[in-house]
Amino acid sequence: MTATTTPVPSIVVGEERLSLLSWFAGVDHKIVGALYLVGGLTFFVLGGLEALLIRLQLAQPGARLLTPEQYDQLFTMHGTTMIFLAAVPLLFGFGNYLVPLMLGAPEVAFPRLNALSVWLYLFAGILLNFSFLSAQAPDVGWFAYAPLTERPFSSGPGVDYWAAGMILLGASSIAGALNLATTFLRLRCRGMSLTSAPMFTWMVFVQMVLILGALPALSGAALLLLMDRQLGAHFFDGQYAGAALIWQHLFWFFGHPEVYIVILPVFGMISEIIPVFSRKPLFGFGFLVASGIAIAFLSFLVWAHHMFAAGLSGAELTFFSAASMAIAVPTGVKIFNWLATLWGGTLRLRTPLLFALGFIGMFVIGGLTGVSVAVVPFDWQATDSYYVVGHMHYVLFGGTILGVFAGLYYWFPKVTGRLLGEGLGRVHFWTTLVGMNLAFLPMHWIGLEGMPRRVWTYPNVADWGLWNLVETIGASLIVIGTLVLGVNIARSLRRGAVAGPDPWDAWTLEWSVPSPPPPGNFAAAPAVRSRRPLWDLKHPDRADPPRATGDEGWLARLRPSTLAMFLFIGSEAIFFGSVIVAYIAARPVIEAKAILDVPRTFLFSLFLFSSSATMVLADRAVARRRLWLLATLALGAIFLAGQGSEWLRLLQADRLTPSASLFGSGFFTLTGLHGMHVLVGLVAIGAVTLLTRRPDFARRGRGGLEAVSVYWHFVDAVWVVIFSLVYLWTLFA
Amino acid sequence: MPQVTTPQLQSILDISTFVFAVAILIFVGVEAALLYAIFRFRERGDDRPAARFVSNQRLEIAWTIAPLAVLVVVFALMLGAMQRISAAPADALVVRVIGHQWWWEFRYGDVVTANELHLPVGKPALLEITSADVIHSFWVPSLAGKRDGVPTQIQRLAITPMQEGTFGGACAEFCGQEHAWMLITVVVESADQFQTWLDGQRGPATTSTSDPGAQVFLSSTCINCHTLRGTSASGTAGPDLTHFASRATLGAGVAPNDDAHRAMWIRDAGALKPGALMPPFAFSETQLADLVRYLGSLK
């Protein structure tokens with residue numbers, strides 16, 4: 001193909017030139033998506049280099065290329081980087097760029113919130129890696145088990161960087177999830193019902209729900225860890241039996257859904273790519289959606305399978321084993337449905353499909369070894385050995401990364417306007433596929449032979465040296481494959497074949513607009529009647545059966561901002577829940593009884609509770625709205641003052657501090673967190689009060705008021721729980 | 001799987017064999033279907049139209065139910081295996097296993113030793129696993145699955161060794177810098193040999209305070225961390241050295257327990273085992289030689 005004579009538009013957004021400023025200040029979902037993708041790929045390379053150093057150190061027994069300190073930092077940052085800074089952001093990138101386009105929407109629901117989440121992510125990524133320069137990176141593993149993370153065992157700043165990074169990344173992910181979930185629920189174009197939304201958007205939606213449910217547990221745990229390390233609190237320092245396991249419960253309550261957070265959208269990508277390249281509609285749409293939801297639900301019930309050797313009761317072992325096995329069923333359904341989609345098709349074996357097929361072939365291995373570790377007795381042998389490292393890399397590399405590569409080859413022309421090279425793509429695919437099997441397959445047997453994971457070196461026993469060398473060779477092949485990808489990207493950006501709007505003869509809406517799409521995406525509202533709108537357009541005589549647009553009732557009547565607020569308070573409930581779990585586990589009641597003044601706090605609580613009533617009035621009344629808002633502000637402020645004076649009384653008399661006792665740790669953390677929420681609520685109410693002065697409030701400010709009102713009621717409801725737990729409970733003890 | 005030498009491990013092996021047989025069947029089936037589809041349905045340029053079917057509810061229900069049924073069987077078999085593995089024997093030899101950064105302490109009642117666990121063949125043993133600092137995990141792959149040593153908690157692991165020999169193991173939970181050199185040696189021996197060993201360990205250190213090596217030990221900071229029963233050395237931060245020379249390795253498996261390595265270890269433990277908590281000692285050559293020889297005499 002000859003070079004085009006018309007000026008080539010800037011990549012990412014179809015404009016003539018994207019200014020440098022718009023990369024920083026832009027809120028277009030395509031810019032945000034591209035930032036996520038570029039950030040994710042950059043950190044993928046960084047995490048890959050860390051993996052290469054790890055593999056070089058392990059290439060032979062007893063090697064001294066790295067010190068154990070360096071090794072521990074590298075394996076911790078490899079895991080942390082690949083999960084939080086590469087996999088999740090890459091998927092957020094695809095989600096941000098593609099979901100509005102696939103839904104026929106001009107933008108995401110909250111573009112500025114979206115920009116906030118991408119910049120929070122990039123900042124957190126830089127912060128985490130800055131720790132290398134500040135003398136010590138985190139070195140306690142990405143799972144950061146207590147009490148190794150406590151000051152006596154980890155006195156350097158690494159763990160603090162890690163915990164702070166986790167809290168920032170949690171905030172970034174929650175903001176992003178509110179946005180994409182609301183986009184999916186509310187911004188589908190006319191004619192696109194939930195039953196005809198593309199599978200990728202469905203899986204992104206389920207992923208977002210998982211993020212909202214899981215990430216807050218990590219944020220809560222990381223916050224408690226910081227309380228321990230910075231303020232001398234005692235949540236995980238082993239003052240009470242079970243402290244160490246509370247961390248594990250909180251971490252894996254997040255950590256296992258996290259696996260599905262980084263695989264579900266990939267399932268979605270595969271479900272888009274396979275039909276287009278086998279020229280057949282997706283098989284079993286309903287089962288695929290249902291199995292995605294089933295996986296999401298079950299993923300919240302399986303966390304303790306990471307703890308089979310940690311000292312669970314027999315009942316716990318049985319329950320978590322059963323749930324972990326059960327999750328294989330919906331996962332199997334997906335594999336079978338993809339095979340059925342391929343069956344009878346006309347397979348165009350281009351690079352996107354190659355990677356998708358590689359994904360199926362490799363993910364099956366990770367899935368089956370996953371079932372094996374759900375079997376408790378086998379897991380007693382396998383857990384914390386290299387077997388698990390092998391299993392997990394077949395899921396995360398063979399699954400997530402091969403899937404991401406498939407998506408990259410498939411959608412790269414949409415984002416940049418140019419196709420990636422097919423020849424280099426094949427080289428990339430085969431090197432990666434061979435490399436990953438050499439790197440990760442031998443791990444299974446040397447693990448079962450007794451090689452533990454996370455060791456910086458190992459004794460020269462049996463054939464461990466040989467297989468570790470093979471693994472290192474495999475890892476090097478992956479590095480070479482990734483270099484080939486880099487060359488491919490660089491070449492395509494400069495002189496790749498121009499893609500045009502629809503290079504793959506595909507069927508979803510993103511292929512109906514120019515590549516890259518212009519700001520606002522669609523010149524005219526797209527017409528959608530079925531799951532394959534472009535098929536209908538191209539083959540009016542053989543159009544797909546139309547889908548009913550179904551009444552989505554209450555959902556459609558909610559303002560997007562209110563819907564997002566409901567989702568947000570859902571995640572906030574998990575956040576408070578994780579702190580409350582830690583509080584209860586410490587059995588604080590006896591000490592609380594001796595110290596707290598229940599009637600006094602009850603009195604101040606009444607002010608807070610009555611502010612919910614004034615907030616309702618402010619939300620409903622038009623005439624005296626500002627008055628009721630000010631009343632709410634005043635009541636909330638009185639409550640806060642009451643709480644503040646209680647803190648002062650306890651601290652000044654030196655009766656209680658966060659470091660004085662376990663109860664002190666829990667008391668100040670719980671009431672402090674709630675106080676901060678009240679404060680944020682008061683600031684928001686103040687802002688809304690100011691907005692009421694504007695003439696266009698009725699049109700532009702109502703949504704804000706409603707969202708703040710929902711938030712305020714939630715803050716009050718949380719206080720009912722905390723007040724009962726911390727104060728009222730003492731009356732019955 | 002490593003060599004199987006206990007009935008507990010045999011139970012693990014049995015259930016695992018079944019699981020892997022099923023897994024391999026499924027694996028072969030899926031990969032075969034995938035490869036068949038690739039070869040059979042790839043584009044050949046003959047304009048063969050693709051099929052258009054989009055669902056088949058019966059088929060889909062079938063491939064939801066069938067794996068579920070298989071898993072129910074696996075689950076039922078697993079429950080039986082768990083029962084057999086966890087059953088605590090009545091007259092077991094109880095050994096307290098305490099993980100430290102980065103070595104193992106073994107207590108047989110009042111007999112304290114480190115890094116080398118001795119068990120009599122044919123007699124059930126009940127290990128009570130815990131930790132003195134962070135989380136560790138006790139794992140000897142030829143004997144049994146692993147159990148974490150969690151501070152403030154005790155986990156019980158039943159093992160009935162049926163075969164004499166020496167078996168290797170390691171800490172399996174990441175526990176800080178020297179997680180890698182926290183190896184375990186298990187010596188399974190006949191009941192008589194075991195009793196002889198235990199009686200030997202019970203006695204105080206063979207020591208005469210006039211020994212120049214003993215004087216070096218007892219007059220330096222060695223005694224703050226190490227115990228020599230029968231002397232003033234009663235530290236507990238490091239391994240009990242009363243019968244140090246009876247153990248085959250030092251530093252929890254990092255080096256053989258011979259004069260040369262003992263000297264290297266005392267001079268700078270961190271050079272052999274980077275991160276080890278024992279500080280370097282600057283003894284004179286004579287002092288060091290005396291000390292090394294003395295430690296070698298602590299059978």
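## A tour of chains A and B

Across the interface of chain B and chain A, 24 residue pairs are in polar contact, each residue with a pLDDT of 80 or more. Keep in mind as you look around that this is a predicted model.

**Stop 1: the side of chain B that touches chain A.** Select α1 (7–41), α2 (57–86), β7 (144–149), β9 (165–171) and α7 (269–272) of chain B; each of these supplies at least two residues of the side that touches chain A. Which element gives the most to this side? It is α1(B), with 17 residues.

Stop 2: Show the two chains at once. Here 78 residues of chain B are in contact with 92 residues of chain A. How much area do chain B and chain A bury between them? The value is about 6800 Å², and 72% of it is on carbon and sulfur atoms. Next, select R52(B), W63(B) and F174(B): they supply 11% of the area that chain B buries against chain A, more than any other three residues.

**Stop 3: a salt bridge.** Between chain B and chain A, the count of salt bridges is two. To see a salt bridge, select R454(A) and E173(B), whose side chains meet at 3.4 Å, N to O. Stay on R454(A) for a moment: this residue is in the loop between α15 and α16 of chain A. Its phi is near 65 degrees, a positive value in a residue other than glycine.

**Stop 4: another positive phi.** Move to R279(A), in the loop between α8 (264–278) and α9 (285–299) of chain A. The phi of R279(A) is near 55 degrees, again positive in a residue other than glycine.

Stop 5: Select V434(A), L438(A), L469(A) and I473(A), which make a nonpolar surface patch of about 310 Å². Two or more residues of the patch come from each of α15 (422–448) and α16 (464–495) of chain A. V434(A), for example, lies in helix α15.

**Stop 6: two cis peptide bonds.** Zoom in on A146(A) and P147(A): the peptide bond from one to the other is cis, with omega near 0 degrees. P147(A) is part of the loop between α4 (111–133) and α5 (158–186) of chain A. Then go to S515(A) and P516(A), where the peptide bond is also cis, with omega near -10 degrees. Look for P516(A) in the loop between α16 and α17 (533–538) of chain A.

Conventions
Residues are numbered from 1 along each chain as its sequence is written. Chains are lettered from A and ligands numbered from 1 in the order in which they are written. This is a predicted model: local features need pLDDT of at least 70, side-chain atom pairs count only at pLDDT 80 or more; totals for chains, interfaces and linings use all residues. Side-chain values use heavy atoms; hydrogens and water are left out. Contact means heavy atoms within 4.5 Å. Buried area is the accessible area (1.4 Å probe) that two parts lose on being put together, summed over both. A salt bridge is a side-chain nitrogen of Lys or Arg within 4 Å of a carboxyl oxygen of Asp or Glu. A polar contact is a pair of N or O atoms within 3.5 Å; within protein, one must be able to donate a hydrogen and the other to accept it, and residues adjacent in sequence count only if both atoms are side-chain atoms. Helices (H or I, at least four residues) and strands (E, at least two) are DSSP runs, numbered from the N terminus. Patches are made of residues with over 30% relative accessible area and no salt bridge: like charges are joined within 9 Å, nonpolar side chains (Val, Leu, Ile, Met, Phe, Trp, Tyr) within 5 Å. Accessible areas come from the Shrake-Rupley method with a 1.4 Å probe; for residues, only the protein chains shown count as cover.
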